[in-house]
Amino acid sequence: MRARVALVGVVALAMLGLTGCGHGQSYCAAVKAHQAALGSLAGGNDRTALISALPIFDDLHDKAPGDVADDWQLVITRIRALDRALTKAGVDPSTYDPKHPPAGTTAEDRALIRRAAAELAAPDTQQALASVQQEVLDVCHTPLDL
């Protein structure tokens with residue numbers, strides 16, 4: 001009887017491992033496929049790198065294990081909020097200077113941009129990003145170059 005219980009336990013663990021591994025492989029394949037692009041975005045001095053990386057982040061979110069899906073969603077939501085605020089204001093994110101905004105940028109637009117940027121830099125967003133990076137390291141055994 002003990003042997004039978006042990007065998008059932010081993011089979012159950014193996015099935016869980018296979019399920020997680022398959023999902024992890026899809027996620028890891030996506031990470032590896034996007035790694036060069038993310039590295040070049042992060043390595044440059046492009047102030048729009050996070051906005052440019054949104055399609056990549058969407059793909060990684062779609063393939064992410066459930067334990068980091070919410071973290072990916074928070075990061076993506078915050079980046080999109082900043083992108084929307086900049087677009088609404090009609091300003092170029094690569095040259096926008098909050099101390100010297102372009103002529104015609106309303107106080108409401110500046111406040112919206114400032115709020116979105118603050119939320120992107122907030123501790124919960126930074127923690128979510130750290131969780132995502134740690135998950136990639138743990139699951140895929142490779143750093144996520146952000």
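This is a predicted model: local features need pLDDT of at least 70, side-chain atom pairs count only at pLDDT 80 or more; totals for chains, interfaces and linings use all residues.
Which way do helix 4 and helix 6 cross, left-handed or right-handed? Buried residues account for 34% of the 146 residues. If you take the contacts between residues at least 6 apart in sequence, 65% of them join residues at least 24 apart.

Back to my opening. The crossing of helix 4 and helix 6 is left-handed. Their axes come within 9 Å and cross at roughly 130 degrees, and the two helices are therefore oblique to each other. On the helix 4 side, the contact is made by Asp67, Val68, Asp71, Trp72, Leu74, Val75 and Arg78. Helix 6 brings Asp124, Thr125, Ala128, Leu129, Ser131, Val132 and Glu135. By class, that gives 7 nonpolar, 2 polar and 5 charged residues.

Let me pick out one residue there. Thr125 sits in helix 6, and with a relative accessibility of 2% it counts as buried. Setting aside neighbours within four places in sequence, Thr125 is in contact with Leu74, Val75, Arg78, Glu119 and Leu120.

Helix 3, residues 54-63, packs against helix 4, residues 66-89, at an angle of about 160 degrees, with the axes 10 Å apart. Angles over 145 degrees count as roughly antiparallel, and that is therefore how helix 3 and helix 4 lie to each other. Helix 3 passes helix 4 in a left-handed crossing. From helix 3, the contact uses Leu54, Phe57, Asp58, Leu60 and His61; from helix 4, it uses Ala69, Trp72, Gln73, Ile76, Ile79 and Arg80. In this contact of helix 3 with helix 4, you will find 7 nonpolar, 2 polar and 2 charged residues.

So which residues touch the most other members of the largest nonpolar core? That core has 34 residues, and the ones to look for are Tyr27, Phe57, Leu60, Trp72, Ile113 and Leu144. Two or more residues each come from helix 1 (2-43), helix 2 (49-52), helix 3, helix 4, helix 5 (107-120) and helix 6 (123-140). Helix 4 gives the largest share, 9 residues. As background, nonpolar side chains in soluble globular proteins tend to be buried together.

Do zoom in on Phe57 if you have the viewer open. Not counting residues up to four places away in sequence, Phe57 touches Leu38, Leu50, Trp72, Ile76, Ile79 and Leu146.

Leu146 is found in the segment after helix 6. Is Leu146 buried, exposed or partly exposed? Its relative accessible area is 35%, which means that Leu146 is partly exposed. Leaving aside neighbours within four places in sequence, Leu146 is in contact with Leu38, Ala42, Phe57, Leu129 and Gln133. Leu146 also lies 9.6 Å from Ala53, C-alpha to C-alpha, although the two are 93 residues apart in sequence.

Key
Residues are numbered from 1 along each chain as its sequence is written. Side-chain values use heavy atoms; hydrogens and water are left out. Axes are lines fitted to C-alpha atoms, for helices over the stretch in contact, and angles run from 0 to 180 degrees between N-to-C directions. Helices (H or I, at least four residues) and strands (E, at least two) are DSSP runs, numbered from the N terminus. Angles under 35 degrees count as roughly parallel, over 145 as roughly antiparallel, 65 to 115 as roughly perpendicular and the rest as oblique. A crossing is left-handed if the near helix is turned anticlockwise from the far one by less than a right angle, and right-handed if clockwise. Contact means heavy atoms within 4.5 Å. Ala, Val, Leu, Ile, Met, Phe, Trp, Tyr, Cys and Pro count as nonpolar, Asp, Glu, Lys and Arg as charged, and the others, Gly among them, as polar. A nonpolar core is a set of buried Ala, Val, Leu, Ile, Met, Phe, Trp, Tyr and Cys residues joined through side-chain atoms within 4.5 Å. Buried means under 20% relative accessible area, exposed over 50%, partly exposed in between (1.4 Å probe, protein chains only).
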